[in-house]
Amino acid sequence: MKEKQLTSDFQVRLFTRMVLIRTFEEKIVALCRESYQLPGMQILANGQEAVATGVVSALEPDDIIVSNHRSHGHLLARGADLNSLMAEIMAKADGVNHGKAGTLHLSVPEINAPMTSTVVGAGPPLAVGAAFAQQYQALNGVTVVFFGDGAAAEGSVHEAMNLSGIWKLPILFVCENNGWAGAQRFEEHSAARQIHKRAQGYDMPGQSVDGNDVEAVYHLSLELLEHCRSGKGPAFMETMTYRMRGHGEQDHQHYVNPEELEAWALKCPIIRYRRALLNAGILDKNKIQRIEQDAEARVAAAVAFGDASPYPESDTAMTDVFVQAFNS
Amino acid sequence: MSQKTFGNAINDALSTAMDMDDTVFIAGEGVGVSIHHDPNMPTYGLLDKFGRRRVKDTPVSEAAIAGLAVGASCMGLRPVVEIMFFPFITLASDMLVNHAGKLRYMSGGKSSFPLTVRVKAGVGFGAGSQHSHNLEAWIAHSPGLKIVWPSTVEDAKGLLLSAIFDPDPVIVVEDMMLYRMKGECPDADIRTPLGKARVAAPGTDCTVIAYGLALYTAMKAIEPLIEKGISCEVIDLRSLVPLDKTCILESVRKTGRLVVVHEANRFCGFGAELAAMVAEEAFYDLKGPVKRVGAPQIPVPVASSLEKVFIPGPEDVVRAVLETMGK
């Protein structure tokens, strides 16, 4: 059972996790900028670290997460191995999915993240299935599905909310409202100003939280997960945050007002939490420096691991389609 | 062995699988309480027998039904979900094509999806185009999905049981026009292997491949052809993916001719794949052009006089065989 009263050790862990996620993704930004060959679309969640960290830190080991194209933070918070995650992002043989997933489709069954979908809005129906399996087998776990405000426009999300509401499935819907769907502002793509209010229509509690406040996200996650665990059915959390980078590193956000980006940069969840922990005397500058250096070292080691790993042998392109291969 | 209808055989398979294995559950629109209160319907009586935990009536939400199957199978269950009419698989296709078929591959073989989708299909009951449209070529074209299509009562049970206990996603197509057809069917747990075709009628002059209801169209063409001195070997394909190339090629190498019959649109239909495969692998054994018998490239019309234009009949098969024989 998770503590509602946070210990200073736990607070330091929250901070450390956010720093690791940020460092990891900043390294990807750097690799994209260098002449480095990073394949595919690198879609990052800079600025959204408090959601990944706050929600995932509230989970129990048996809980399942279903992530999306912006998955690095969710998976790192859940404890994914840094080396094989980075190697997969580099599409290497030692990657967690042996070069078949890349940055967008990372799935890591060993940390209970067996499905990731980049089809916008497809996660919630998958979560229905996972949560149904938990309910059917009387397991204690909850399924948490992350999706964006853009995905909330997909019919599949509504179907999933309705079915889970009828069957009282243990799902926590986490809508990361980061203000953008591609190049469309939230106001341009959503008739409703508050997505969490849709929860009422599907007979589940829906609440909104400051998505850049890691402790607030953690506390609301605990409360809503408790609802899901108690057999009362699904719950919905809308985290208000901001997409600091574009839809892929090739997207230079020409459609974004720079002042808006600057304003959100000041609300950075990591800077904000660092200040709070400094003020509370839980961290000092030396400790922070050690945390940052440790993150840098771990990420550097992951890149070295990825660099050293070969690209997958071409004949492995034909494997893993079916459990038993056949020729057709 | 006993006499069963095709619908009863499917029911028997579902019941057998659920008796054997608690991870098997069924879900779909009206799989428990159906608008059709008919003992020949595949899920009739299963709610009474297995209860609401294992027989799940769903809202009208094909994406959620298919998502349920994908997510639950990934967690180790064996879902058997129903799509009420074949054209509605378009609503479930993201979950099937992009998820059931791809997530195993993208996971590097770490996640598996042992799900079954039963799809009710068929042309011939005047329901019109949005309730009648055979899309097997779409499924077969999507990597990671298997698709089978029984034509006999025994295979209706045997293929479904094989599909349910297969480790990969399988789409099982049921011709609704066959639900009331009677035939012999063992009472035991029987498995028709996926990827094994069946010679439904031996012959020497021309191979005719069909599946589902179209098999009977092909069989009806045999007699008039025998009267003309032509012996056809009819192959019941049973499984489109995996495809039994060996059976097809052996037959074509013997007869030197091929006619493919299905009720789906001929243009870009599954018959095109069979024709191309045979042209690639047995070209020098062919004595005449490969012929395809299928529907014209139109939506399915309602009036029976128009529907007959759509559905290929035995006379179309006879004509195609005569053409490839040069007669």
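Visitor: Why are H1(A) and H10(A) called roughly antiparallel?

Guide: In this predicted model, the axes of helix H1 (residues 8–33) of chain A and helix H10 (residues 269–279) of chain A cross at roughly 150° and come within 10 Å. Angles over 145 degrees count as roughly antiparallel, under 35 as roughly parallel, 65 to 115 as roughly perpendicular and the rest as oblique. H1(A) and H10(A) are therefore roughly antiparallel.

Visitor: Which residues make the contact of H1(A) with H10(A)?

Guide: With contact meaning heavy atoms within 4.5 Å, H1(A) contributes A:Gln11, A:Leu14, A:Phe15, A:Met18, A:Val19 and A:Arg22, and H10(A) contributes A:Pro269, A:Ile270, A:Tyr273, A:Arg274 and A:Leu277. They divide into 8 nonpolar, 1 polar and 2 charged. Here Ala, Val, Leu, Ile, Met, Phe, Trp, Tyr, Cys and Pro count as nonpolar, Asp, Glu, Lys and Arg as charged, and the others, Gly among them, as polar.

Visitor: What makes H1(A) roughly parallel to H4(A)?

Guide: H1(A) and helix H4 (residues 82–89) of chain A pack at about 25°, with axes 12 Å apart. That angle makes H1(A) roughly parallel to H4(A). A:Leu20, A:Phe24, A:Lys27 and A:Ile28 of H1(A) meet A:Leu82, A:Leu85, A:Met86 and A:Ile89 of H4(A). By class, this contact has 7 nonpolar, no polar and 1 charged residues.

Visitor: How do you know that H3(B) is roughly parallel to H4(B)?

Guide: In chain B, the axes of helix H3 (residues 62–74) and helix H4 (residues 89–100) cross at roughly 25° and come within 6 Å. The angle makes H3(B) roughly parallel to H4(B). H3(B) uses B:Glu62, B:Ala63, B:Ala66, B:Gly67 and B:Val70 to meet B:Leu91, B:Ala92, B:Met95, B:Leu96, B:His99 and B:Ala100 of H4(B).

Visitor: Why is the pair of B:Trp149 and B:Tyr211 called tilted?

Guide: Rings of Phe, Tyr and Trp (its six-membered ring) pair if their centres lie within 6.5 Å; planes under 30 degrees apart count as stacked, over 60 as edge-to-face and the rest as tilted. By this rule there are 18 aromatic pairs over all chains. The rings of B:Trp149 and B:Tyr211 have centres 5.1 Å apart and planes at 50°, so the pair is tilted.

Visitor: What numbering and limits apply?

Guide: Residues are numbered from 1 along each chain as its sequence is written, and chains are lettered from A in the order in which they are written. Local features need pLDDT of at least 70, side-chain atom pairs count only at pLDDT 80 or more, and side-chain values use heavy atoms.

Notes. Axes fitted to C-alpha atoms, helices over the stretch in contact; angles between N-to-C directions. Helix = DSSP H or I, 4+ residues; strand = E, 2+ residues; numbered from the N terminus.
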